[in-house]
Every structure is written in structure tokens, then in C-alpha cells.
Amino acid sequence: MNAAEWKEKLSRVGESFSSAISGAAADNIAEVELQYLGRKGELALLLRDLGSFTIEEKKELGRLGNELKSRLVAALEARKAELGGGKAKAAAGLDLTLSGLPFPKGSLHPITRTMDRITASLMRLGFSVAEGPHLEEDHYNFEALNFPPDHPARDAQDTFYAAVKDGSGKDMLLRTHTSPVQIRSMKGAALPLRVISPGRVFRAEAVDASHSFVFHQMEGLYVDKGVSMADLRWTLDAFIKDLFGSSAKVRFAPSYFPFVEPGAQVEVSCVFCGGKAGKCPVCKSTGWLEMLGAGMVHPNVLKACGHDPEKWSGFAFGAGVERFAMLLFGIKDLRMFYENDLRVWKQL
Amino acid sequence: MKILYSWLRDFIENPPPAEELPAKFARLGLGVESSGRSGAAFTGVVVGRIDKIDKHPNADKLSLVDVNDGSATMRVVCGAKNIAVGQMIPFARVGAVLAEGELKKAKIRGVESEGMICSAGELGLEGYDNSGILVLDPSAPLGADARTLFAPPDWVFELEITPNLAYCLSHYALARELCVFYGLKFKEPALPELPRAAGTVAPVAVTDPSLCPRYTAVVMRGLKGARTPDWMAERLRAMGSNPKGNLLIDVSNYVMYELGQPTHCFDLANLAGPEIKVRPAADGENMKALDGSELKLSAGTLVIADREKPVALAGVMGGFYSSVADTTDAILIESASFAQSAVRASSRKSGIKSESSYRFERGTDIELTMKAARRIAGLLLEAVPSARIEQVSDNFPEPPRLPVVTADPARINAILGTAMTDEKIFACLKAIQPGLSPEKPWKFTPPSYRRDIETVQDLAEEAARYNGYDLIPSASSMPVMPASSTPMAEAEAELRGRLAALGFSEVYNYDLVSLRDFRNCLLDETQAVELLNPLSSDYQYLRTSMLPGLLRTLRYNLNRGRTSVAVFETGTVYHRTKDGKKEDRVCAGLMYGPFPEEQHWRGGSEMSDFYHLKGVMQAVFGGRRGFRFEKPKHRPAFLQEGAALVMKLGAGEAGVLGLADPMAVINSDLKDTQVYYFEISLAALAESWKGSFRDRVPQVRAVSAFPAAWRDLSVLVDEKREWSELEKDLGSLPELARLDLIDVYKGKGVPEGQRSLTLRFTFSSMERTLTDADVSSRMEKALKKLEASFGAKLRG
């Protein structure tokens, strides 16, 4: 077959399709489609024959073939539309508003979801997860964190003591913060180090709408050469924006924790009033929410972990997870986290 | 700590307006808990007199009172109990502006009230009895503006001062801080020159100067009957302190709030000797404290003693016998510096906390003792000009050595991530230490009150406070680092996700439980870790099992109308061991009631039982290598015998599941015992998570390209034969792709002691399509096996 013969065949396919499609009805249009445009249809067979032509010919004939194909497809669709084809008949007798089958649906606790989200967010910034025990030694919970014995800063952390002694004969305690994991991670470790540690903490406080003797914290720590407070701010900026949206703002104010120097309180623009204050019950009309404590790792802490504070520096931060979860899920009373009312948790 | 604006103004030349102070405090790290107006900020209130009291016609607890306000008699509805005819009272006329706002005409229980008799709280006055109406002095002039009876309007700030800023715990110090950081002009208080040459009436001896590095003492005589002036009483009241009226008592508090130096006045007549000895107590020595309590002192507690006995717990509280009284004429004023740890130790041991111990524990300025002594002497002389000073002594053997910190501006910028100019940094350091020389390297010696400054990091914080923390940019030089989680955390997350997807809700219970929880759940409390200082007996132990908490959750929800509960919790359980304690992470849960829980119009819900929970565990562990159920060798604690299984992962035990011990359930105030419980060891799970991701994902087998063929077979088998036996035996049939048990039946048509099992065999070959004959011959084999091994009979 030469090129002229092929062209003629092609035009014949076009003509016979035209007559077939105009006579097609709803019940046989699919046959027409198969006969001309199917995988083994007339057009496909013709195009397959192109293999024996020269490259120049292939180019020209291929173009003609594809043009025809487009025309046929368009004509087919038009005819289908005329016939009302493609429209399924409405199924009868279904009340579509009846509920679907109740596949079991459980839920994750809001604290879990908050901690998982914060963890994921910070892992993307290169923080690895670290863990520590709940029953802790005085050394890790206080001493190595620059709380010497008889330091008044210990007063701020009402501590539960347990009837178990540690290796040095001191009463063990329930950790009052996740900061001991800083020491456990840093002590004798190879630097640099970038870790987070979510977990449960304990303080001997009476339970009310904003206090609980069991709660959760998220610790962050980065130690390297030349770490600065600007790095800290950048990290917190990134993670706060990830949680509350790109319009959330972060600001620092001076604060004190024995294990950092300088220390900062981290405030986030109010997620409810958008920092515009006015009459906002959440931020008490200040436009800002106190969300974290942070600062540069205190030289005494580095020393207690066997690292030279002249050579290494780092930042640390700690957040109360309940506070984040309350803002994220609109929970107003802290006790709700431990009541486990399924009428609430099933909404999650 | 409370701070009065009017008092701050004593020490600042041109103070900023009160409204601007909260922001200024916050910028320096001084937490502002509250700020508000105080004193007589009200208007429209006059001195009135109660002329007549009648019962309210419609309310037992209310009275109708005739009040004469100097020009007319008004009828007022009043709810207070402490009213009496003839009392002078603050009377607010309609239109008065009180603490809560403007007073409007009101009808109370049907009777119109033409004003209000006010309580201290309604007037916004602090430091007065607020249990009823405020009864005024009988001499108060009728009809006068009530404001004239009280302190002028002021501002009170409640500050939260962190231990590092303890040097700000006074008006003087806070004013100084504002002046240093905001460039304001500081005013020192006026102090009298004390006669240095005065003699020695009461010699002072300090046994250990490291515990009491400085002891300043002033003896004054001729003070009998010294009364506290009104302005001082007013300030003390505004501070929330209760002035006694005796100046010798009140002046100590006043000077402490003013300068931050705690002092104490001893009645010289009751000091044996008279002499002062600062010494450690002997073991078992007694002291009667100021509040009358008998203290048994332990050895080493630092006390102030006279010749015979301890007369004060150093820095904490004075003693009973040497305290000043209205008859006191001569006093010894103690203004000392005590070691922080010594004061904290005696405060803790004695259980006494005071404003004084609070300040000493946080550290006081050693240079302040003489200033405070002079201030007290000055105030006493002001009140009693005839008083005589008989002794001024100052035991101060060795001034403390202050650190010298090299203030390298580059280092300060590196810590903060800032680019402050040298000038900016120097301005801050110079403000704190005016004596700092501009010559580099800057050798910074902190002033005596700034004992918190020891390192260049401390100076960096000062530079940031001085120039504002907003100066710290958000900019990162952090290199990328690979991040990883732990096997425990990853295993836990996957488990939680799967349980939630299967209909279980995650709950959080406290780690702390009661003795009753142990007893109810048949757990052994001797294995538990007990707290030394529990909040209450409800929270006395650390849990050894998740069961008590989960049963509590179940009960809580059933009591609130739920019929179906499927919950789980991941957490820590604690055990006492021979050499201390052991913590284990576990995931436990329970299932009770209809499953699925929601009623559906198509029906299909049934009560949860053993097989529901087993199915959940199958789904949770599905695809995990080496997972299987086994019968327990010993009955797992808190599960019912014969209704419990062990879950294994490889060689290790991963957990248990089964019917919760009915006794534990009943003990926990639950009626129905069909509670199914599981507990999974996260350590075992984490163990199986070790290694790479590839190590723990399942390896898939290819499936046949040829169609499979299936046949069902119903047999009668002795009901004692277990399914797993049959399953194992039939597993060896050639080309058996699946074996499913699709029906189990006992009852009509099945002989006693037997059960009918319907098995579905699915055969599939990798090489060909199996013929009918192939399948039939395999089914015959299967039946023969069942007959031979289990005495099974084909069911007709």
C-alpha cells in the first residue's frame, strides 16, 4: 500500500463512520464506537499500517489519521449527547438521606494529637525524639539543671516524692518537667545534638479548670557550635506557624528558668482575636498568649553534662501541651482531658 | 509582690504615668499579675448615720435602714448583718461611682433603695474587714465626703518576681531598676546620720560569719508608746499587711517593703545580758515563736540567742519572749544578712514561711543593712524626737568578693544572634554599673545588689533587657540534621492509630491511684511505689496496671447513659523492685456492650464478646512477623481463667487478652461482667520494631494467575477438639490456598458432646487450572484426614 492508497482508505473510513453515526440509536452507539474507534477498530488498524512508510510519510499520514480521529470522537460525543446517552437512569427506591452503615470509629486523645503534630513539625526541622523516665533522680530533675539544693526556684515546682531511693540514697521524685531529658540526652553524648521530648510530668497542685497534678510537656534542645537566640526564635516561629497558620506571630519577653541564660517567655499572637485584642476572653485582651518558656542552655548545665560552655552553646524550650491542645481543640476546662467522657471524645 | 505607685514615686524624680508601668515592667521580665487603682477612688459617697432599722417586708435577710446623710434621711435596703443604730457608715448616694461602676436607683424585693451602705470592697478599699458594711469611726463628721477618711487614690501592681530578680523585691529596688533601664533619675531616701561613737549596750557575736556575714545592730531608748503614723498604716494596709498601730512592730514591715531588707526589733528589756549571739542551735533546743508555737530546733538551725536562750529563728521569725509590746521602751534593731541556704533550711525544718525568709532565701543586698537600720532609726526619731540612740554596731568582718566578668560585645552578640553596636551594649552595662570604664576589654563588676550576674550569658540577658528582646531576630544558621524517632514511639504511634481506626477511643487516666483501686482490682499494693507526699489518699500510689483507670472510665461513661464503651490507653505502669523501681510502657484497653455501638436502621449490632476483642487484636497485629495467639501457661493477672490468651511476637510475649476478672469488675461498682480487656507491652512491641523498616514489613507471596476452586465440607467433631488442631492438620493438603471455618453449630440435629463445623477449602495451583477431579480427590483426602485424626463424621 502506498501513501495515496492509505489516504483513500482513510477517507472511506471517515465517510462510512458518518453514515453509521447518523443512523445510530442509543442501544447501538457503543457498537459504532467499538467498530471505528475501538482498540481493534478500523481507524486503529489503519494507523497500525503506518509502520511500513518512510519517516516523512509517517509524519504526514499520522497527522491526517489523528485529525480524523479527533473529528470522529467529536461527532460521536455529539451524537451521544443528542441521544441522551451517558445519562444513567435514576435508581428507584433509595432514600439517600438514610445514614450509612456505622463502621466503628474511634479517636485519638487531643493531647496525643497535639503532641504528635508538634513532634512531626519539629522532626521536619531535624529534631529527633528522646525519652526519659517519670520517676526521676533529683540530679536529673534539679541538680544538673542548675537548681542547687535549697534553691528557691525549686519552690515553683511542687514536687511529688516517692518512697524509693536513687543510687545516691536520695528520695526519687516524679519529674516536674521534661527538662531532665535534656541532661539524659546531653550527658556524655556526641555533639551536635537536636532533640525533642514529649511526655508526662507531675506537680503536687490541686486540680481545677487550669491546673492538674498530671500534665504534659514538650521539651526541645539544640546544642552545637555558635547556636544563638536568633536560631531559637526561628525554630519557634517555624513550628508555631505550622500549628496556628502563617499569620501567627511570636515574640520574646525576659523570663527566668535556672537552666537557661538568657531566659525568655515566648508569647504567640492570640489565635482567637488574631492579636487584635479588643474584648478577647482568651488573651484577656492583651493580644498575646504565653505559650512557652525558652532560652540559651545555661553554662552550668553544659558543664554538668561534660561539655565545655566556651566551645558549645545551645538553646532549649519547653511547652505545656495541654495549653496548646486547649487552644487547638477549643477545650476550656483542663479537667476534660482526664474525664474521658466519650460524648466528647467521639466528636474527634 | 504588691507595689504602690505612690511609694515608687518617692524614689523616682520624674516618674512615668502609672498606666505606662505594666508594659515597662513586663519588658524587664517582671511579670504583671494585675494592676489597678486603689485608695479612695470612688465619688459620691458621704459619711452617714444609721437612725433606724426595720425588717424588709418581703425578705428575711434584708433590712430597711434610715440613713441620715447630713442633709436628709434616706430609706435604704441593706443585706449586711453588722448594722446597728447610731453607726457612722459610708453612704453612697444614687449616682456614686464605686469599684463596680455607677450606682443606680434600684428596687430590691419590691422596695426602692435610695442609696447604698458600702462595704470596704464596694468602695475598692484594700486591707479592711470586708465581711459586712464598713463601720466608720464614731467621730467621722456627718455628711463629709468619705474620701477624706481614706488614703488618696493610688495604683497597686501585683508583680510576680522570679528568683533571679529577687533584688527587685522592694519599692526602692524596683524604682532603681526602672531608673537603670529607662534612664530615669533615682532619688535616694533621706537617712539620718547615726552617732558612730555611741557605746555598746548589747555586744554582738557571730560564731560563723559564712552564715551571717553582716549583723548591724542599733539600740534605741525612750520609745514607749510610739504609735504608727496614719500614712504608714495606710501604706501597710494597701500592701495587704495588717498594721498593729505599734510603731515598733510596724516599722520593720514598712522598711522591708520599702528597701527589701528584713529587720527585727527586740525588746531590750527581755534580752538576757543584754547580748546577741548568732549561733547554730543545739539539738533539741526549744524556742517559743512569735506566734506562740513551741519549736523544737534541730542541730545547726541558725538562731539569734541572748545570753540564755534562742530569741529568734535567724531570718525567719522572732521569738515570743523578746518581742516588742506596748510597754516596750528600749529596742535593739537587727538588720542583718544571712546565708540563703541557712534561712531556707530553717524555714523548711520549722515549717514557717515569712516575708523575711522569702527575701533572705532569694538573697538580699549586703550593703543594705546599715541603710535599713538608719531608715528605721529615722522613722522612729520622726515619731518620737526625744528617743535616744545608744548603740550603733556593724559586724561586717569581710565584704563579699564580687566576680569580674569580661564583657566581650562580640560574644554577647553571638549569644543573642544580634548585631548591636558596641555603644548600645556599653550603654546597658554602664547603666547597671556606672563605674564601668570604657577601656576595652570591659571588666564588669556587678553592683552589690546584682548577685545574679556572674557570666557573659548574664550580661547578654541584660543587654537584651536593656535594648528590648524584640531586637533578637528570627534567623537561622542551623545546618540540616537527620531526625529519627525511637522504636518505642513509632510502635506506640502505629498501635494507637490502628486501635482508633478499629473503633477504640483513646483515654488518659492519672498515673496515681488509691489503695482501694488496688484492692478492687485484686492487685498487690506491696509491689507498688508509694508517694511520700500524696495530695490525698485517692492518689497515694503509682499504678501497677491500667485496669483501675480503664474500669473507672467505663463506669464514668455507663453512668452517663452510654451502653457501649471501647477505649484504650497508652501509659506507664510502675513497680517497686529489689533495687528500686521499674517503669514499663503499656497499651491497654477494654471493650463492653453492643458492637458496633451505634444503632442502625438495618440492625446488625451484637454484644461484644471474646471473639470481638480477639478480632481487634488480629487486625492490630495483622501482617506483623511472628505474631500468634497462645494459651497462657499461668492465668494472667486480672483475667478470667479459660477466657484468656497470650499474644506472642517471635519468642517474646507481647500481651494478653480476655474476659476481665469478674471480681475486679464487680468490685468496681459495675453490674455486668462482660468486660473484655487487653494489655500490650510496648517494650516487646518496640523490640520487634528494632532494625530497619525493611526488617519489619511483611514479605509478599505471588498469587496464582489461574482461577481458584472452592468446596465446603460440614463435619461433626467431638467438641473438645480445638479448631487449631484441625487447622494445623489440614494445612498440609497440597495446593490448599485458604482454609476458612465458616460455621460452628451445636444443638438440634447435632449429637450431644459434638459440634458441627463447616469448612471452606480453597485450592489454587500456580501452574494450571485445577479440574473438578483434582478438587474432588483433595476433598476426599481432607475428609479422610479428619476421620482418621479427629473421628470426624461427614454431616448429612
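1. Strand S19 (residues 310-313) of chain B and S20(B) are joined by two bridges and pair in the antiparallel sense, and within S20(B) the bridge partner of Ala312(B) is Gly318(B). This being a predicted model, the pairing should be read as a computed feature. The two strands belong to an open sheet of five strands, whose order in chain B is S12-S15-S18-S19-S20 and whose pairing is mixed. Strand S12 (204-206) and strand S20 (317-318) of chain B stand at its edges, and because each has a single partner strand, one side of each is left without a neighbour in the sheet.

2. A further open sheet of chain B has four strands in the order S14-S21-S13-S22, and here the pairing is antiparallel. Its edges are strand S14 (264-267) and strand S22 (388-395) of chain B, each with a single partner strand, so that one side of each is left without a neighbour in the sheet. On average, and with direction ignored, neighbouring strands of this sheet are turned by 20° against each other.

3. What lies across S13, S21 and S22 of chain B? Helix H8 (residues 369-383) of chain B does so, and this helix runs at about 15° to strand S13 (214-221) of chain B.

4. The domain assignment divides chain B into domain 1 (2-38 + 155-182), domain 2 (43-150), domain 3 (204-395), domain 4 (406-471), domain 5 (487-695) and domain 6 (709-794). For domain 1 and domain 3 of chain B, the centres taken over C-alpha atoms are separated by 26 Å, and 13 residues of domain 1 of chain B are in contact with 12 residues of domain 3 of chain B. On the domain 1 side of this contact, the elements that give two or more residues are strand S1 (2-4) and helix H3 (171-182) of chain B, with H3(B) giving the most, at three residues. By class, that side has nine nonpolar, three polar and one charged residues.

5. How are helix H10 (residues 422-432) of chain B and helix H11 (residues 456-467) of chain B packed? Their axes are 9 Å apart and meet at an angle of about 100°, which means that H10(B) is roughly perpendicular to H11(B). H10(B) contributes Lys424(B), Ile425(B), Cys428(B), Leu429(B), Ala431(B) and Ile432(B) to the contact, while H11(B) contributes Leu459(B), Glu462(B), Ala463(B), Tyr466(B) and Asn467(B). Sorted by class, the contact has eight nonpolar, one polar and two charged residues.

6. From H19(B), Leu726(B), Asp729(B) and Leu730(B) meet Ala782(B), Lys785(B), Ser789(B) and Phe790(B) of H20(B). The residues of this contact divide into four nonpolar, one polar and two charged.

7. Turning to chain A, the assignment gives domain 1 (3-83) and domain 2 (110-345), and the C-alpha centres of these two domains of chain A lie 71 Å apart.

8. Strand S4 (residues 171-174) of chain A is joined antiparallel to strand S2 (residues 135-136) of chain A by two bridges, with Leu173(A) of S4(A) as the bridge partner of Glu136(A). S4(A) also pairs in the antiparallel sense, over two bridges, with strand S3 (residues 161-165) of chain A, and in that pairing Lys165(A) has Asp171(A) as its bridge partner. The hairpin of S3(A) and S4(A) has five residues between the strands, and Gly169(A) in this hairpin takes a positive phi near 85°.

9. Finally, which element gives the largest share of the side of chain A that touches chain B? In this interface 66 residues of chain A are in contact with 79 residues of chain B, and the largest share of the chain A side, six residues, comes from helix H8 (residues 229-244) of chain A. The residues of that side divide into 38 nonpolar, 13 polar and 15 charged.

Key
Residues numbered from 1 in each chain as written. Chains lettered and ligands numbered in written order. Predicted model: local features only at pLDDT ≥ 70, side-chain atom pairs only at ≥ 80, totals over all residues. Contact = placed C-beta atoms within 7 Å. Nonpolar A, V, L, I, M, F, W, Y, C, P; charged D, E, K, R; others polar. Axes fitted to C-alpha atoms, helices over the stretch in contact; angles between N-to-C directions. Parallel < 35°, antiparallel > 145°, perpendicular 65-115°, else oblique. Domains from an automatic or database assignment. Pairing = 2+ DSSP bridges.
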